[in-house]
Amino acid sequence: MRPDEDLRLHHWLYISRCVVEPAWTAAMMDTLVAHAKGRNASIGLTGALLFTGTHFLQALEGPPTALALMRAAIGEDRRHTALVTLDEGSIPERRFAGWSLAYAGGSIYLANKVRGAMDGGAPALMHLLETFVGSAGLQA
Amino acid sequence: MGEINVGQSTVHIVDSDPAHRRDLAQMVRQLGLDCHPFAAFSDLMEAMGYLPAGCILLAWRDRAANEAAALGAVVRSVLLQRPEMAVVIMAASPTIADVVQALRAGAIDFLEIPVQTEMLRPVLDHGFAVLPARVARQQRIGQASALTTQLTPREQEVLRGVVAGLTNRAIAERLRIGVRTVEMHRGNIMQKLQMDNLAALIRFAILTGILDHGLDAA
């Protein structure tokens, strides 16, 4: 193991489609956010989640090992399907100070933006998440 | 707070551009909905007290002079008076900051100007889908607030303690009264608020915003 192993940062940005019945999504989000907040903090992951009522958009960043484990867990989560990775790899520094829910609601405008940005729109979606959580100026 | 006028198919339009306002009104009527057009935001705010609950399509046209933050303030000023209204902000080539500000302030959706019917229809569907629950929530808050005014100041203090999760003993120490007195106040609170269990009381407290006032050092 290299001495700087734990200092490396990886990130992952993905979109997926929710398969939970609309009537249950509010309760699902409460559970999901409560659970994710504590768990992500405990393993050093930061990022933001956005839910449009039909799609999830999430950015996660942190130590490669922790992120890989989380990716595997998210990949097996049965609350969503059609997961598409929009961006991934190593990053020089974190973009998010913590993990939080950026938005959860039924905005048609946002849903179209998220769907429309799937091809090559990763920077725009990252900017959207950062603006929501107010971390756009985190990296000077 | 009185009864909310539930005209759940009314769309209030605010747009200083006469041509776009007229086009919007026509689209709204073609969708079979009632339409109240306003030329200025101040006209809407003046009429706000008696407008039927519905969707508000609000054109944001003076971005050059204002930061996106001002957009959030506009949305909040509407919702402060009529929290049940489904507010949709419209803007020409909006920035992400505009959209985020509007949604964070409580707008339910966003539209790009010029608005096309095929974009307007799903957004109004969304608005009228969430409206009944918003109206019902406001009516519950109105009723709950009316009940709260029946509590004495001391009962309100005890209620805040209960909601903050304090034991009767802790509340008694904090208010420098006897534990028995706290128990008596709790009984009276439940009776006045027409509640028979603690869970209902907590829901009530969340609804009326009693929790927001907090309890110093609770």
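Colleague: Over how many bridges do strand β3 and strand β4 of chain B pair?
Modeller: This is a predicted model. In chain B, β3 covers residues 54-59 and β4 covers residues 86-92, and the two pair in the parallel sense. One facing pair is B:L58, which stands opposite B:I89 in β4(B). The number of bridges between β3 and β4 of chain B is 5.

Colleague: Which strands stand at the edges of the sheet in chain B?
Modeller: The sheet of chain B is open, its 5 strands pair in parallel, and their order is β2-β1-β3-β4-β5. Two of the strands have a single partner strand each, so one side of each is left without a neighbour in the sheet. Neighbouring strands are turned by 20° against each other on average, direction ignored. The strands at the edges are β2 (34-38) and β5 (109-113) of chain B.

Colleague: At about what angle does helix α1 of chain B run to β2(B)?
Modeller: Helix α1 of chain B takes in residues 18-30. This helix lies across β1 (10-14), β2, β3, β4 and β5 of chain B. Its angle to β2(B) is about 170°.

Colleague: What is the order of the strands in the open sheet of chain A?
Modeller: The pairing in this sheet of 5 strands is mixed. β4 and β5 (99-104) of chain A are its edge strands, each pairing on one side only. From one strand to the next, the twist averages 10°. The order in chain A is β4-β1-β3-β2-β5.

Colleague: Which residue stands opposite A:R17 in β3(A)?
Modeller: Strand β1 (residues 10-18) and strand β3 (residues 55-62) of chain A run antiparallel and are joined by 8 bridges. In β3(A), the residue opposite A:R17 is A:H55.

Colleague: To which strand does helix α1 of chain A run at about 160°?
Modeller: Helix α1 of chain A spans residues 25-42. It lies across β1, β2 (46-51), β3 and β5 of chain A. The strand at about 160° to this helix is β5(A).

Colleague: What area is buried between chain B and chain A?
Modeller: Chain B brings 16 residues to the contact and chain A brings 15 residues. Carbon and sulfur atoms give 70% of the buried area. That area is about 1100 Å².

Colleague: Which residue of chain B forms a salt bridge with A:K113?
Modeller: The rule finds 1 salt bridge across the interface of chain B and chain A. The closest N and O atoms of the pair are 3.9 Å apart, and the cut-off is 4 Å. The partner of A:K113 is B:E112.

Colleague: Which element gives the most to the side of chain B that touches chain A?
Modeller: Between chain B and chain A, 7 residue pairs are in polar contact. On the side of chain B, the elements that give two or more residues are α4 (96-104), β5 and α5 (117-148). By class, this side has 12 nonpolar, 1 polar and 3 charged residues. The element that gives the most, with 6 residues, is α4(B).

Colleague: How many residues apart are A:R71 and A:E88?
Modeller: Over all chains the count comes to 8 salt bridges. A:R71 and A:E88 form a salt bridge, with the closest N and O atoms 2.8 Å apart. A:R71 is in helix α2 (residues 64-76) of chain A and A:E88 in strand β4 (residues 80-90) of chain A, so the pair links distant parts of the chain. Their separation is 17 residues.

Colleague: Which residue does a cis peptide bond join to B:I113?
Modeller: Most peptide bonds are trans. Here omega is about 0°.

Colleague: What phi does A:A82 have?
Modeller: Most residues other than glycine have a negative phi. A:A82 is placed in strand β4 of chain A. Although A:A82 is not a glycine, its phi is positive, at about 50°.

Technical notes
Residues are numbered from 1 along each chain as its sequence is written. Chains are lettered from A and ligands numbered from 1 in the order in which they are written. This is a predicted model: local features need pLDDT of at least 70, side-chain atom pairs count only at pLDDT 80 or more; totals for chains, interfaces and linings use all residues. Side-chain values use heavy atoms; hydrogens and water are left out. Two strands pair if DSSP finds at least two bridges between them. Helices (H or I, at least four residues) and strands (E, at least two) are DSSP runs, numbered from the N terminus. Axes are lines fitted to C-alpha atoms, for helices over the stretch in contact, and angles run from 0 to 180 degrees between N-to-C directions. Contact means heavy atoms within 4.5 Å. Buried area is the accessible area (1.4 Å probe) that two parts lose on being put together, summed over both. A salt bridge is a side-chain nitrogen of Lys or Arg within 4 Å of a carboxyl oxygen of Asp or Glu. A polar contact is a pair of N or O atoms within 3.5 Å; within protein, one must be able to donate a hydrogen and the other to accept it, and residues adjacent in sequence count only if both atoms are side-chain atoms. Ala, Val, Leu, Ile, Met, Phe, Trp, Tyr, Cys and Pro count as nonpolar, Asp, Glu, Lys and Arg as charged, and the others, Gly among them, as polar.
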